[in-house]
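Here is a short report on one chain.

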Amino acid sequence: MYKYIHILGRDFPMYGLCAFVGILFAAGLLFLTLRKRKDYSKVHIVNIPLFAAIGAFLGAHIVGFFTHFDFFLQAMQHLDRVFSSWETFRIVCGELFGTMVFYGGLLGAIAAAFIYCKAAKVDFSLYADIFAPAIPLFHAFGRVGCIFAGCCYGIEASWGLPYPHEHDGIVETVTRLPLPLIEAGCNLLIMTALLILRHKHLKKGSLLAIYFISYAIVRFIDEFFRGDEIRGILFGLSTSQWISIIVLGLGIFMLLNRYRFKKKDSFGYRVPFGEVPEGYIYNQYAGAVAPWEQDRLKKIPGQNNLSDAPTNETTDIHEQSHQ
């Protein structure tokens, strides 16, 4: 595989390059999404991804650590070898904390974004719908990076991509399912569906819930076709499959909570993307508020600062929230 690319006399990992390109495309999608909208704070649009990135980094490594828990237990039983030299200690730490798991990064990012929104007293569901389509777009580029890195490969098959395989000291080429490319395609399909649904009059937070459900199903299925063993197995299911079950349940609960359990929830409906219709006014907590929801949202404790300025004017929305 092509793990590195040589640029200007230096070697750069292809996975990192693909991830960087994915970030650029996700940022471009956000720009196209918000270029005509004035009902979202530019400050939060910048801060939420920054906090989410920190949470993703920590979460990806934490879950990666638990996929190597057996190795950790063995290391604890042989601490004399672990600390026998700096090189051995470095190798052990790299094995334990060097692996990143996407699900850990996703849950860490969501948790960090949620904490930020609570601290900033803004509606997490409102901004979750903005970032939801960008997640599978970024992930698709990450899976392309997996092809170059030679990781996350599929089982042996009669068709697919050639992967090097070492057995008894002999390296041979094995044809495997191009599972990262298949998952990248599934991510693009999920993104397309979310982009279509964002033009519907859905309740806030629905897009993130739909993403959770869609990706959890895709990931649970494709784990059966993974050929790598560094994933952790419990009762016949991989770590990612157990997390998929949790994420699927979370997505279903989020939808039920919005459409069944709380028929008159305070979050209200999200305005379809495009020009904000006349008569909508801005609320720092809920974004663009429809005329028929404005009285109800005034009852939210500490969130009764409805602006009487239409949201489709050119006034900067962050300045409006302080008038």
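## Overview

The chain has 13 helices and 8 strands. Helices (H or I, at least four residues) and strands (E, at least two) are DSSP runs, numbered from the N terminus. This is a predicted model, in which local features need pLDDT of at least 70 and side-chain atom pairs count only at pLDDT 80 or more, while totals for chains, interfaces and linings use all residues. Residues are numbered from 1 along each chain as its sequence is written, and side-chain values use heavy atoms, with hydrogens and water left out.

Of the 323 residues in the chain, 44% are buried. Buried means under 20% relative accessible area, exposed over 50%, and partly exposed in between (1.4 Å probe, protein chains only).

## Helix 1 against helix 8

Two packed helices are described by the angle between their axes and the distance between the axes. Axes are lines fitted to C-alpha atoms, for helices over the stretch in contact, and angles run from 0 to 180 degrees between N-to-C directions. Helix 1 (residues 14-34) and helix 8 (residues 134-149) pack at about 165°, with their axes 8 Å apart. Helix 1 is therefore roughly antiparallel to helix 8. The cut-offs are as follows: under 35 degrees is roughly parallel, over 145 roughly antiparallel, 65 to 115 roughly perpendicular, and the rest oblique.

Helix 1 passes helix 8 in a right-handed crossing. A crossing is right-handed if the near helix is turned clockwise from the far one by less than a right angle, and left-handed if anticlockwise.

## Helix 10 and its partners

The axes of helix 9 (residues 179-197) and helix 10 (residues 206-222) come within 10 Å and cross at roughly 160°. The two helices are therefore roughly antiparallel. Helix 9 passes helix 10 in a right-handed crossing. Among the contact residues are Glu183, Ile190 and Leu194 of helix 9, and Tyr211, Tyr215 and Arg219 of helix 10. The contact divides into 10 nonpolar, 2 polar and 3 charged residues.

Helix 7 meets helix 10 at another angle: their axes come within 7 Å and cross at roughly 55°. Helix 7 and helix 10 are therefore oblique to each other. Phe124, Ala128 and Asp129 of helix 7 touch Ser206, Leu207 and Leu208 of helix 10. That contact has 4 nonpolar, 1 polar and 1 charged residues.

Ser206 sits in helix 10. It counts as buried, at 2% relative accessibility. Not counting residues up to four places away in sequence, Ser206 touches Asp129, Leu255, Arg258 and Tyr259. Its C-alpha atom is separated by 9.5 Å from that of Ala132, 74 residues apart along the chain.

## The nonpolar core

Which residues touch the most other members of the largest nonpolar core? They are Tyr103, Leu106, Tyr127, Leu208, Tyr211 and Phe212, out of 42 residues. A nonpolar core is a set of buried Ala, Val, Leu, Ile, Met, Phe, Trp, Tyr and Cys residues joined through side-chain atoms within 4.5 Å. Helices supplying at least two residues each include helix 2 (42-66), helix 6 (102-120), helix 7 (124-131) and helix 11 (239-261). Helix 10 gives the most, with 8 residues.

Phe212 touches Leu106, Ile110, Val247, Leu250, Gly251 and Met254, not counting residues up to four places away in sequence.

## Positive phi in two loops

Most residues other than glycine have a negative phi. Lys121 has a positive phi of about 60° although it is not a glycine. Lys121 is in the loop between helix 6 and helix 7. It counts as exposed, at 58% relative accessibility.

Cys152 also has a positive phi of about 60°, and is not a glycine. Its loop runs between helix 8 and strand 3 (156-167). Cys152 is buried, with a relative accessible area of 16%.

Conventions: Contact = heavy atoms within 4.5 Å. Nonpolar A, V, L, I, M, F, W, Y, C, P; charged D, E, K, R; others polar.
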